[in-house]
Amino acid sequence: MLSRRFIVLAALLWTAPLALQADVGIAEVRPVSTAAALAATPCGNPAGRPWCATSKSPDQRAGLLLKALTLGEKLDLMAGDDLFGSLNTADSGTAHEGTVNGIPRLGIPTVLMAGGGPVGIRQGTGTALPASIALGASFDVTAAAQYGKLVGDEARRKGNDVALGPAVDIMRVPQAGRAYEAYGEDPYLTTRLAVPWIRAAQAQGVISAVKHFPANNQERDRYLGNVSIAPRTLREIYLPPFEAAVRDGGAGMVMCGYNKVNGAPSCGSKQLLTQVLRDQWGFRGTVISDWVMGAKGTPTSANGGLDIEMPIGINYTQSALQSALAKGQVSQATVDTHVRDYLRTLFAHGVFDRAPYPNAPNGIDTAGHDRSAREFAEGGITLLKNKGVLPLKTPKSIAIIGSAADSYISGGGSSRVTPRSPVTARQGITARAGSTATVTYQDGKDQDAAAAVAKAADVAIVVAAASRAEDADLSCLSLECGTQDRGDQDGLIAKVAAANPRTIVVLETGGPVLTPWAAHVGAVVEAWYPGEQGGTALARVLFGDTDPGGRLPVTFPAAERDTPIAGDPRRYPGVNGTATYSEGVLVGYRSYDTKKIVPQFPFGFGLSYTTFAYRHLTVRPGSVTVTVTNTGRRTGTVVPQLYLGLPAPNAQTPQPPKSLKGFTKIALTPGQSRTVTFPLNDRAYSYWSETTNSWKIAPGCYRVMVGGSSRDIAATGGVPRGGGRC
């Protein structure tokens, strides 16, 4: 969390041994540009500034400006300049998560960065959106674009040039503290949501910094930990979201993580930052470090591909860089490359050709953003069980139970946004019930009292929460871990359910939790961290004003021992500082399917208030089509999902039984049908060959599966590829 970051940084800067200070240097913070300089467009006075000619390409302009910089000015641009910004953004509407001061002499603008990017803008109060895991549950590319547009708009209107998001880290560890910031356990789902998010955010005039590159999947040992990961696993599971973010989304920045990958720091891996990110994927933007301790060593970071160290220079101070240059550890050409990357990014995204954005949050359409926050929450709320209890039909009395029902629940750390006007579950349900029902609240601390209240009501709604945060993983998946002293929530649910079979359990969590009481309750609703309008959204779903729109982006295990990383400390948390990804590509549902383990609730699963049928499957190499029909009596939301079962090319390259390769989200009225087409390209059929270091299609028959979840396959077929036969 931020306090931990501050402690780490303070220790480095103020209590480090003198020898370390001499090698690394204390950050030199430059004065912020004057108000007069900031008021004008950087290229508003192009006289003597050939780089201001908009007829030239960003590369040409960056090259011209690079020649005008002194060495000292170049080195200044390789580090941020605000030590305390990230500590103040939650409370201050004027603080920024990061600052890279400009150079007024040459018209280089100061660049301001907004934190909280994955779930909103963490700068004073703002629109606290549902957590990214809820957006993952939406399976909705249109919502992802609207989400990114909102984040970009608020970032710009609060005076920022960069939004630090989205986060596209795969949920490998179900207990991961920051898992709520990303989209779940599947790389295809993550990819499909990240691209429209980035495009829409950048269309608002800010630069997206996608994070945390790469394989940043746990908080245990996060500053110094190493992950040992095979090339195929890296290419098929952890790199695709970043590849799509830069190739298809056009992300202007990439943030590298704290961890090491195969022994090399993420912010100093020449193989990943230069050979893969730039040479193979064609990334032309800027690589920035994660805040405090992202960079590890001056020569390592500079030669490995890190352009800018944030939030200030520790490895990238004037003294440290000058020393590395003098010793021949870093070349002048390397420095020029990093500065050119940064300048080119600013030119490519128009930062030189516009006036600095004013910090003018009054221009935010707060009503519209509140409405969007509610809609995003509705789209991600996932109905996991329903024994005819939902939707609520004019109950005369409702018991709301649990302290979480009367609290605003969100994830902690740098993605926690201070809500402008939060609506709790209790508030939302009470308002929706109106005068038609008597609503009673009990915080659940006295379980017997809670059971008595539940027994006297027509329906009982227990709201339970599990808190996740940056800098710490959960110690287990039980509701008793990470609950912020909410007591025995599992015991509370069991006692209330025994008193009233019409008990609805609402979970507000940042990932999967164990549900040992699921068989004994009437309904289970996963609301995730639903954002500031979560209470209103939840009430609308419970009362049937809208269909529950979510599907699980993560597997909910029946027991903790079933998870892919359980029982092997080498996998998690790691041994001697190294976590070994020996499960390979069998992450999430791929592991459950391979091992034939029945989960509590499978990936892709979510109920509607109506029913659907799948018919007329047509399979071609380039596409799969299926007709989906609403066979119920209500308008509802359906998420058809396409899975492929790839043949294993050899015994050393095992394949999971199925992998998600397509999805869409549609609303259908009763009796309505729609034909859905899933496009397929060669990449969908490919595996990463460690022999040739390239994507290959194995000869064989590829199983085609379409249905409502990874365990609810309604239609199957096959297609031959690579010279194989079906």
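Biologist: Hi! Which residues of helix 17 are buried?
Modeller: Hello! In this predicted model, helix 17 covers residues 425–433, and its buried residues are A425, G428, I429 and A433.

Biologist: And why do they line one face of the helix?
Modeller: Looking down the axis of helix 17, you find its buried residues within an arc of 125 degrees, so they line one face.

Biologist: What covers those buried residues?
Modeller: The cover includes strand 12 (397–401), strand 14 (438–442), strand 15 (459–466), strand 16 (503–509) and helix 20 (534–542).

Biologist: Which residue follows helix 17?
Modeller: That's G434, and its phi is positive, near 60 degrees.

Biologist: Switching to the largest nonpolar core, which members touch the most others?
Modeller: I288, L343, I504 and L542 do, out of 183 residues in that core. Strand 15 gives the largest share, 8 residues.

Biologist: What does L542 touch?
Modeller: Leaving out residues up to four places away in sequence, L542 touches L390, P391, L392, I429, I461, I504, V525 and Y609. I429 is also one of the buried residues of helix 17.

Biologist: New topic: where is V619?
Modeller: V619 sits in strand 19, residues 612–620. V619 counts as partly exposed because its relative accessibility is 25%, and buried would mean under 20%.

Biologist: What is V619 in contact with?
Modeller: Beyond its neighbours within four places in sequence, V619 contacts V624, V704, G717, G718 and V719.

Key: Residues are numbered from 1 along each chain as its sequence is written. This is a predicted model: local features need pLDDT of at least 70, side-chain atom pairs count only at pLDDT 80 or more; totals for chains, interfaces and linings use all residues. Side-chain values use heavy atoms; hydrogens and water are left out. Buried means under 20% relative accessible area, exposed over 50%, partly exposed in between (1.4 Å probe, protein chains only). Helices (H or I, at least four residues) and strands (E, at least two) are DSSP runs, numbered from the N terminus. The arc is that of the directions from the helix axis to the C-beta atoms. Contact means heavy atoms within 4.5 Å. A nonpolar core is a set of buried Ala, Val, Leu, Ile, Met, Phe, Trp, Tyr and Cys residues joined through side-chain atoms within 4.5 Å.
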